Amino acid sequence: MRNRIISLVVGTVMVMALCVMTAAAFTKTVTIKVEGMKCAKCSSSVSKALKATEGVEDATVSSDKGEAVIKYDDQKTNETKLREVINSTGFKAVAEPGQ
Amino acid sequence: MKKRSLLRLVLTAVLITFSYASVWGQQIKAPDFELRDVNGRTVRLSDYQGKVVLINFWATWCPPCRAEMPDLVRLQREHRQKGLQIIGITYPPEQKDRVRRFARSLKVNYPIILGTRQLKARFSSDETLPLTIVIDRDGKVSNIIVGILLREEFDEKIKPLLMKNAEGGIRSAKSNH
């Protein structure tokens, strides 16, 4: 009986760990430089548009640093799509070298 | 003694309820204005009673404002018959010629007014641009959209208002055309 309980607990922990690892494997964080965010009061549109995008888990946009830090599920969206979303708000996502 | 305390408590509760209701009532009624647009035509908010009005505060130097304007032009064209009326108000104040040139270049199909700080303050103290005030067919502010107007927001917050008559009735297919 005791062994069964131990096996059950160990099994549950392993399944949970696997789930967390799988979720973490899908979650990526990217920092994208954004050009033109000179007015703090209009840059909030960038984070609003990003957060409304499917697959985006969090987005922090800084007009001071001129960048957006985005946490996203790479099974649902990708960096190219995120750059398109930024560009659709009137600002310009700066392309990384090689893109 | 107990009865008096109870009565006092009830009266206080009623008073608080009424004062909150009165403040709420003042907040939701959109303030009227009468101004000339960049083409010299008079625009009164009260002239659009019975329509769903979007007051879009924007600036020529604001990238998201410029990015959403083609969408606003499209929405005005597609939903005009259903009773949508967009009014663009520049904020902070800008030069008339610059605004008129900009509006012409985008073929803006709704009135554009040169705003003032006082006018903006009557609607919202939020300094974010763009900022869109959503007014229902009864002339009440039903929503304030901060930042660029997303398609999902239009579907969720504005489309249902277009489906309703003034006083909250559902518009029939006939009244939609």
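This is a predicted model: local features need pLDDT of at least 70, side-chain atom pairs count only at pLDDT 80 or more; totals for chains, interfaces and linings use all residues.
In helix α3 of chain B, which spans residues 96-105, the buried residues are B:Val99, B:Phe102 and B:Ala103. They cover an arc of only 100° around the axis, and therefore they lie on the same side of α3(B).

**Helix α3 of chain B**

- The other side of α3(B) carries exposed residues, namely B:Arg101, B:Arg104 and B:Ser105.
- The buried residues of α3(B) pack against several elements of chain B, which are the strand β3 (52-58), the helix α2 (63-79), the strand β4 (84-90) and the strand β5 (112-114).
- Just after α3(B) comes B:Lys107, whose phi is positive, at about 55°.

**Chain B as a whole**

- Chain B contains 5 helices and 7 strands, and along the sequence these elements follow the pattern α-β-β-β-α-β-α-β-α-β-β-α.

- In chain A, 4 strands form an open sheet in which the order is β2-β3-β1-β4 and the pairing is antiparallel.
- The edges of this sheet are taken by β2 (56-62) and β4 (92-93) of chain A, each of which has a single partner strand, so one side of each is left without a neighbour in the sheet.
- Strand β1 of chain A, made up of residues 27-35, runs antiparallel to β4(A) and is joined to that strand by 2 bridges.
- Within this part of the sheet, A:Glu35 stands opposite A:Lys92, a residue of β4(A).

**Helices against the sheet of chain A**

- Helix α3 of chain A, covering residues 79-88, packs on the sheet and touches β1, β2, β3 and β4 of chain A, and its direction makes about 35° with that of β1(A).
- Helix α2 of chain A, covering residues 44-51, lies across β2 and β3 (67-73) of chain A, and this helix runs at about 170° to β2(A).

Methods:
Residues are numbered from 1 along each chain as its sequence is written. Chains are lettered from A and ligands numbered from 1 in the order in which they are written. Side-chain values use heavy atoms; hydrogens and water are left out. Two strands pair if DSSP finds at least two bridges between them. Contact means heavy atoms within 4.5 Å. Axes are lines fitted to C-alpha atoms, for helices over the stretch in contact, and angles run from 0 to 180 degrees between N-to-C directions. Buried means under 20% relative accessible area, exposed over 50%, partly exposed in between (1.4 Å probe, protein chains only). The arc is that of the directions from the helix axis to the C-beta atoms.
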